[in-house]
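Biologist: I would like to learn how to read a structure such as this one. Please show it to me, and then we can go through its features in turn.

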Number of protein chains: 2
Amino acid sequence: MSQPKEQKPNNLLEKIVSLAKRRGFIFPGSEIYGGLANSWDYGPLGVQLKKNIKDLWWSKFVERREDVVGIDAAIFMNPKVWEASGHVSEFSDPLVECKKCHQRFREDQIKGLCPDCGGKEFTEAKRFNLMFPVRLGPTEDSSSITYLRGEIAQAMFVNFKNVLDTTRVRLPFGIASQGMAFRNEITPGNFIFRTREFDLMELEYFVHESEWEKWFEYWRGQMREWLQDLGVDLKNIHEVEIPDGERAHYSKRTIDFEYDYPFGQKELYGLAYRTDFDLKNHMEKSGQDLSYTDPETGEKFVPHVVEPTFGLSRSVFVALLEAYHEEGDRVVLKLPPKLAPYKAAVFPLVANKPELVSKAREIYQSLVASRYSPGPIAWDDRGNIGKRYYSQDEIGTPYCVTVDYQTLEDGTVTVRDRDTAKQERIKIIELENFIEEKIKT
Amino acid sequence: MSQPKEQKPNNLLEKIVSLAKRRGFIFPGSEIYGGLANSWDYGPLGVQLKKNIKDLWWSKFVERREDVVGIDAAIFMNPKVWEASGHVSEFSDPLVECKKCHQRFREDQIKGLCPDCGGKEFTEAKRFNLMFPVRLGPTEDSSSITYLRGEIAQAMFVNFKNVLDTTRVRLPFGIASQGMAFRNEITPGNFIFRTREFDLMELEYFVHESEWEKWFEYWRGQMREWLQDLGVDLKNIHEVEIPDGERAHYSKRTIDFEYDYPFGQKELYGLAYRTDFDLKNHMEKSGQDLSYTDPETGEKFVPHVVEPTFGLSRSVFVALLEAYHEEGDRVVLKLPPKLAPYKAAVFPLVANKPELVSKAREIYQSLVASRYSPGPIAWDDRGNIGKRYYSQDEIGTPYCVTVDYQTLEDGTVTVRDRDTAKQERIKIIELENFIEEKIKT
């Protein structure tokens, strides 16, 4: 079978949103109530894809590294954390209000006319803080107000001393975390690109000041490697140096990893040199000693921080965009096999031959129960085999296993490869290892 | 070596809290700022234990089952969801205020005197809603107010139709989810037992009304099985039937799985028969058809729901309580091996023999890189071997691998078992399989 030429469609975003909805990757949030602007729910396939990305990241950057440990901190933190970090005073957008319809907009998005009513007069810009305030407990005094965390990084700084005291880490080392952050964004949008709640995966890598540039370059390389793990072609990535005056208040150097989304080149990940800004501020405000003493030289100092930040939803988004291919009338999600929601699908050639069905069920069940838990396995006995292949291609299942008449004679099945559409016969007893070997890559 | 008799200490809670802090399982939240009442951060070991429990649950109840699919929904939902679910009107505690110090308390906790100032006069009880309101976006009208979700169940009801439309599920089937919920509890406390933010793992299992009792019993059995997976002795579990008038507003039958905590018998998990309460309310309030048509009989009906709920933090808590053992002066966390933070530890017998250290490093690195990613591996070359064993016992590492002089001669290592403290010699080439086989149980 010759391969039709691959092509990326022009209306890629619409196709991804439509596929995501139709096959159960991503649904509009609260959809039966008309939705809630820019909220999204992950469906049965989306939740697996997201979990696979999250687990791969954790395995690569925490479990398989000796110099990184993980933490998972509470979303509610003492509000003093957000005063020390600068978020209460600095973390804001300038907003103007239309004098006619009283809607508010980010100043840089107004081109003379109100986007809602066409009004031409606006108030002076006011700073609008992006932190969500929350009142804890039943009292009404202001001391009970805290914030939903606007980033997950602070928990790693606040726990720096606890980690030093309870583990055997030595500089350079990292603290990693995965979790939700919340920002009251004025202009969320573009599918799952920008939402008010979002999952972050992040490392704070603590180094001696004299070595920050070396580690900055090291993590830049690690981020590129991760992008390739995710199936991203690096030609779609632009490493953009953020100039003075445009960086976050804590950063002395930042590189944005920007991606060519269908709606333009925008941020995907970030790599920031946060200096000793956070640890120093927390030392000053908390009165605790957050310095580090080198066990060999005896030098005592406040470590500097290199911070690679990865958005999880954006990782899912980009993995889908990169994986989407049309080949003739076939839609294929060429996800890296280890990220695919289903690791394999098992079919009986036809559904009305009990001996084929029962043999296929047996294989299906043994794969589901297999000791290394390769993730869920799909079952399909509807329609013809060609339709089943197309259905699995569209959701990225790397291998389809078909039980046919020959199976009953010689104990082999056909295994069809998603990307090449080629089939080969494999012995049933070798099937589990065959799939394991393939999906680890 | 004979085994000293096992015993559970009297002050078990203090010992668990202390161990959790000392070894990096669980730290008080925002600790350098004096904490934030009843918030807790998971440290390097705690985050692994929690992840292992979470992943095991997902594998058991979603990935390895054909009749359950997962979702992962936004925390911010349309506020109409919480009106339809009854949370806005019903989800509250009665509060009284001390007229002297103006502190507020749950009515059932006042025994004549204010616990804070000793005052004797209180206001009439007022209902205090446990949902956290949050204002989305920069506008100030009330239409922009929603809530942090008070349970994760609603997302599964709201997405019921999306799941039906995009997957091939047929009744009975379940939708599962893991995620954060938030309740403005008046009296949180008892370590990680009750906090204002908490991780839930939950299934909504949709059935025909005529079969709810059968499935209620089925899931009761599954919950017992899960408790055993977690290492819980079922003699410490009490299945308590919640009588009329004490159940949540949506439930027609509830069994609480209560556990013998050091502070008394209290709720661990819950199993509720929610009837068709939620789907019916959402149908009525949203105007969408959330019924199900049986593909064989053609009967159209609103499914009923059996809901097993598992608290993740409480699972971590109970796993620690059950695992904690003192044997003479040895503290051992007898966690099920697949839940242990480290799967194995590797030691050179002594740290000052380069050939032992380099051989041990080689083994350590090959285990870390092993294809099935059995979780992190510890390395230790401090002090004497006995101290290292004690250190690993205390954090539940099931196997300690020691490289000694014999290793250099015959390619074997000693593998010491945490629970029996017995050692056996294993060939290096068989080590990976040996550990894999053990930790899958």
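Modeller: We can begin with an open sheet of seven strands in chain A, with the order β4-β10-β11-β17-β14-β13-β12 and mixed pairing. Helices (H or I, at least four residues) and strands (E, at least two) are DSSP runs, numbered from the N terminus. Two strands pair if DSSP finds at least two bridges between them. This is a predicted model, where local features need pLDDT of at least 70, side-chain atom pairs count only at pLDDT 80 or more, and totals for chains, interfaces and linings use all residues. Residues are numbered from 1 along each chain as its sequence is written, chains are lettered from A and ligands numbered from 1 in the order in which they are written, and side-chain values use heavy atoms, with hydrogens and water left out.

Biologist: How many bridges join β11 to β17 in chain A?

Modeller: Six bridges join β11 (residues 197–207) to β17 (residues 304–311) of chain A, and the two strands run antiparallel. Within this pair, A:Leu200 stands opposite A:Gly311 in β17(A).

Biologist: Which helix of chain A packs on the sheet?

Modeller: Helix α7 (residues 212–229) of chain A does, touching β11, β12, β13 (253–261), β14 (264–275) and β17 of chain A. Contact means heavy atoms within 4.5 Å. The direction of α7 makes about 145° with that of β14(A).

Biologist: How do I read a strand as buried or exposed?

Modeller: Buried means under 20% relative accessible area, exposed over 50%, and partly exposed in between (1.4 Å probe, protein chains only). In chain B, ten of the ten residues of strand β10 (residues 173–182) are buried, so β10(B) is largely enclosed by the rest of the structure. Strand β4 (residues 68–70) of chain B pairs with β10(B) in the parallel sense over three bridges, and B:Val68 stands opposite B:Gly174 in β10(B). Ten bridges join β10(B) to β11 (residues 197–207) of chain B, this time antiparallel. There, B:Ala181 stands opposite B:Phe198 in β11(B).

Biologist: What span should a helix such as α9 of chain A have?

Modeller: The expected span is 1.5 Å times one less than the number of residues. Helix α9 (residues 312–323) of chain A has twelve residues and should span 16 Å; its end C-alpha atoms are 16 Å apart, which agrees. Twelve of the twelve residues of α9(A) are buried, so this helix is largely enclosed by the rest of the structure. Among them are A:Arg314 and A:Glu322.

Biologist: What should I look for in the backbone?

Modeller: Look at omega and phi. The peptide bond from A:Leu171 to A:Pro172 is cis, with omega near -10°, and A:Pro172 lies in the loop between α6 (160–166) and β10 (173–182) of chain A. In chain B, the bond from B:Leu171 to B:Pro172 is cis too, with omega near -10°. A:Asn190 is not a glycine, yet has a positive phi of about 60°; this residue is in the loop between β10 and β11 of chain A.

Biologist: How are the two chains related?

Modeller: Two copies of a chain are related by a rotation about an axis and a shift along it. Here a rotation of 180° with 0.0 Å of shift along its axis superposes chain B on chain A, with RMSD 0.0 Å. The two copies are thus related as by a two-fold rotation axis. Copies are superposed by least squares on the C-alpha atoms of residues with pLDDT of at least 70 in both.

Definitions and conventions. Axes fitted to C-alpha atoms, helices over the stretch in contact; angles between N-to-C directions.
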